[in-house]
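Hello,

Below it you'll find my notes on what turned up, grouped by place.

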Amino acid sequence: MAEKECFPEKFLWGSASAAYQVEGAWSEEGKGPSVWDHFTKIPGTTFQGTNGDVAVDHYHRFKEDVALMAEMGLKAYRFSIAWSRVLPDGRGKENKAGLQFYDQLINELIKYNIQPIITIYHWDVPQKLMDLYGAWESREIIQDFNAYCILLYKHFGDRVKYWVTLNEQNVFMSLGYEHGLHPPAVKDKKRMLEANHIANLANAKAIQSFRRYVPDGKIGPSFAYGPVYPFDCNPENILAYENAEELHNHWWLDVYVWGRYPKTMWKLLSDEGLAPTMEEGDSELLAFGRPDFLGINYYRTGTVESNPIDKAVEGGEMNTTGKKGTSKEHGIPGLFKSKKNPYLDSTNWDWEIDPQGLRIGLRRLASRYHLPLLITENGLGEFDQLEEGEIHDEYRIDYLRSHIQACRSAIKEGVDLIGYCTWSFTDLLSWLNGYQKRYGFVYIDREEQDEKELKRIKKKSFYWYKKVIETDGCEL
């Protein structure tokens, strides 16, 4: 393939994980409980009652996992730190064993020339802070989160130069405080928007501190980005698309980059009494939050049409079983409702497969925000089958290939894309979907209720991605 079709030489070919989904060791060596340790013990909250108590035991097997990363040739590994592993109560006394674990993981990665990318927060707020003051619903968390961040900056900033502040704030806020599917299982849009504003302030404060403690590093949030399409060119549906794009994407991204909320949606939410409370000094703090890059978690696009109030669609239903076709349309009266895109296939979890949407999204972001972009997650969750000791996941290879091709097209069109991290390196716990929904290059031999020996088995996609990295993306 022609040289011009390769990726840049220093492109970060990576993969990713999250602490709760891989580590296990949920109460070992001084770790305190997180909200997920508590939430998953409540009957009916997750698929077959699955939890991350053991997960895939990365805490005890990280050297084995990193050796597999090295064999693959990974250039970067994005992982999160469990807040309650290093600060069991979320504040106060630090847990030396927890800090030592991440020290060892970072050093092991560096030994193999794998760039560590730290995600500071991936949904697992310490339960103690939830009990103390409601976690993200109190401004107290801004200082506690900042102190936690500074602890990490001081310990790891000498070796780690890429940092992600909050992972998918739009997801943990909407599912936790509006739809009631994640902890704390609240269904209140006003509370969601208030908590989300506090998280924005915490993000900005963390970035402000980062400038002082890791002046030679790069930092930014990672956002679950789903570019929106209008169902057709009916002006009513174009307006619905504008509403959805502003509420689902610009509402977060504009604040991250510019420190201000989009005008139209602020006015609409204010008229309904839903806009968050702006206190003195908030705007100034948010202005400090401009990131060095935007982390993008991309899985799907969304298609919408108008949603007239007199016959509005609300609610909806998320597919957490893997039974294709069981998700249901959802919407916001007067603004928009979701529609199935007739031009796209979907996964067994009803997520649209749209590589061209990634290209479109990268171009939109590059043109609007003028920042480097880092794909912090992209991958396919499926029912992988172990057959005679092997996993032939050609469907995952096809998925990743098409999305990497979309990245290459976007780069050629001027997008400053610095890296691509797949989700995920090994199979892991899917928050609401258990262990059946597999994403990894490395199969973990366990089931929902049977941990077995947690054997690591390389899938066909493992060898494919190894070749992609070796050739700088020339051979897909």
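Glutamine 21 counts as buried, because its relative accessibility is 2% and the cut-off for that label is under 20%. Please keep in mind that this is a predicted model. You will find glutamine 21 in helix α1, which covers residues 19-22. A polar atom of the glutamine 21 side chain lies 2.7 Å from the backbone oxygen of leucine 429. Leaving aside residues up to four places away in sequence, glutamine 21 touches Ala55, Val56, His122, Trp423, Leu428, Leu429, Ser430 and Trp431.

Which position does UniProt list for "active site"? The record, an unreviewed entry, lists Glu377. Glutamate 377 is found in strand β11, and the residue is buried, with a relative accessible area of 3%. Its contacts, again without residues up to four places away in sequence, are Arg78, His122, Asn167, Glu168, Ile296, Asn297, Tyr298, Tyr299, Cys421 and Trp423. With asparagine 297 there is a polar contact from side chain to side chain, at 3.1 Å. His122 and Trp423 are the names to look for: they are among the contacts of glutamine 21 and among those of glutamate 377.

Glycine 473 is found in the segment after α15 and is buried, with a relative accessible area of 0%. For a sense of scale, glycine 473 and aspartate 124 are 349 residues apart in sequence and 34 Å apart in space, C-alpha to C-alpha.

Another pair to look at is phenylalanine 47 and glutamine 436. They are 389 residues apart in sequence, and their C-alpha atoms are 9.3 Å apart in space. Phenylalanine 47 lies in the loop between α2 (35-39) and α3 (58-72). It touches Gln436 itself, as well as Thr320, Leu432, Asn433, Gly434 and Glu448, with residues up to four places away in sequence left out.

The loop in question runs between α6 (127-133) and α7 (140-156). Serine 138 touches Tyr133 and Ile198, not counting residues up to four places away in sequence. Alanine 199 is 61 residues from serine 138 in sequence and 9.6 Å from it in space, C-alpha to C-alpha.

As for α7 itself, its 17 residues should span 24 Å at 1.5 Å a residue, and its end C-alpha atoms are 25 Å apart, which agrees. The helix is mostly covered, with 12 of its 17 residues buried. Among them are Ile141, Phe145, Tyr148, Leu151 and Phe156.

Finally, there is a sheet to find. It is an open sheet of 4 strands in the order β6-β8-β10-β9, with mixed pairing. The edge strands, β6 (228-230) and β9 (331-332), each pair on one side only. β6 and strand β8 (residues 302-305) pair in the parallel sense over 3 bridges, and tyrosine 229 stands opposite threonine 303 in β8. Helix α10 (residues 235-258) lies across β6, β8, β9 and β10 (336-339), and it runs at about 170° to β6.

Methods:
Residues are numbered from 1 along each chain as its sequence is written. This is a predicted model: local features need pLDDT of at least 70, side-chain atom pairs count only at pLDDT 80 or more; totals for chains, interfaces and linings use all residues. Side-chain values use heavy atoms; hydrogens and water are left out. Helices (H or I, at least four residues) and strands (E, at least two) are DSSP runs, numbered from the N terminus. Contact means heavy atoms within 4.5 Å. Two strands pair if DSSP finds at least two bridges between them. Axes are lines fitted to C-alpha atoms, for helices over the stretch in contact, and angles run from 0 to 180 degrees between N-to-C directions. UniProt positions are given in the numbering used here, feature names are shortened, and annotations may be inferred rather than shown by experiment. Buried means under 20% relative accessible area, exposed over 50%, partly exposed in between (1.4 Å probe, protein chains only). A polar contact is a pair of N or O atoms within 3.5 Å; within protein, one must be able to donate a hydrogen and the other to accept it, and residues adjacent in sequence count only if both atoms are side-chain atoms. The expected span of a helix is 1.5 Å times one less than its number of residues.
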